[in-house]
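Please look over the sequence and the fold below before reading on. The paragraphs that follow go from the sheet to the helices and end at a loop.

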Amino acid sequence: SMTAFARRDSRSEQGELVWEIRSVNHRYLEVSVRLPEELRMLEPTVRERAARFLGRGKVDCTLRYRASTAEASDLVVNTRMARQLLTSVECVRELLPDSPAPSIMDVLRWPGVLESGEKDFTPLQAAATALLDDSLGELVAVREREGEKLKDMIAQRCAGLREQVDKARDRMPLVIDGLK
């Protein structure tokens, strides 16, 4: 069978990782990957491993990551960006003198002004990859179980059809005589 769902999660000092993988029947292998920004570099690995585990199907792989509070990195203000933003605000204020000044939170919300400190994501990538392998293994097992159920159901239907064909063969001489 090609339809299945697998979900695996793990918790560590780095945080919580959750893989959800769904597959439906499809002629070719089509992998859709959704990753958190911190782990975006795993996309080629996810595609390669999905191809290794699965021959075909439309597969959606979603990873969710929630950092632990102990792992939370320090926030850093990009003062260069903040100064550029405030300089730009002053230029616009000359054109629109009645407009309100931006608040501190407005400035901090501006993309690139507030940055998180650099963090080594290598251990997290390794944990996410190992968990992906477990999830793909579970998905394959679910697909195989569903395939066995479908095989049994089809075999029962074929046996029922065979029974109906045998009955029709047995009655065929009577039907031919009735037509004569």
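Helices (H or I, at least four residues) and strands (E, at least two) are DSSP runs, numbered from the N terminus, and two strands pair if DSSP finds at least two bridges between them. This is a predicted model, in which local features need pLDDT of at least 70 and side-chain atom pairs count only at pLDDT 80 or more, while totals for chains, interfaces and linings use all residues. Residues are numbered from 1 along each chain as its sequence is written, and side-chain values use heavy atoms, with hydrogens and water left out.

Start with strand β1 (residues 4-12), which is joined to β2 by a hairpin through 2 residues. The two strands run antiparallel and are linked by 9 bridges. Phe5 has Arg22 in β2 as its bridge partner, and Arg8 stands opposite Trp19 in β2. β2 also pairs with strand β4 (residues 57-67), again in the antiparallel sense, over 10 bridges; here Ser23 has Val59 in β4 as its bridge partner.

These strands belong to an open sheet of 4 strands in the order β1-β2-β4-β3, with mixed pairing. β1 and β3 are the edge strands, each pairing on one side only. From one strand to the next, the twist averages 10°.

How much of strand β2 is buried? Buried means under 20% relative accessible area, exposed over 50%, and partly exposed in between (1.4 Å probe, protein chains only). In β2 (residues 15-24), 8 of the 10 residues are buried, so by this definition the strand is mostly covered.

Next come the helices. Contact means heavy atoms within 4.5 Å; axes are lines fitted to C-alpha atoms, for helices over the stretch in contact, and angles run from 0 to 180 degrees between N-to-C directions. α1 lies across β2, β3 and β4 and runs at about 145° to β3. α4 packs on the sheet, where it touches β1, β2 and β4, and its direction makes about 150° with that of β1.

In helix α1 (residues 43-53), the buried residues are Val46, Arg49 and Ala50. They lie on the same side of α1 because they cover an arc of only 105° around the axis, taken from the directions from the helix axis to the C-beta atoms. Pro44 and Arg52, on the other side of α1, are exposed. The cover over the buried residues of α1 includes β2, β3 (29-34), β4 and α4 (122-179).

Last, Asn78 lies in the loop between β5 (75-77) and α2 (79-95). Asn78 counts as buried because its relative accessibility is 17%. Leaving aside neighbours within four places in sequence, Asn78 is in contact with Gly112, Val113 and Glu115.
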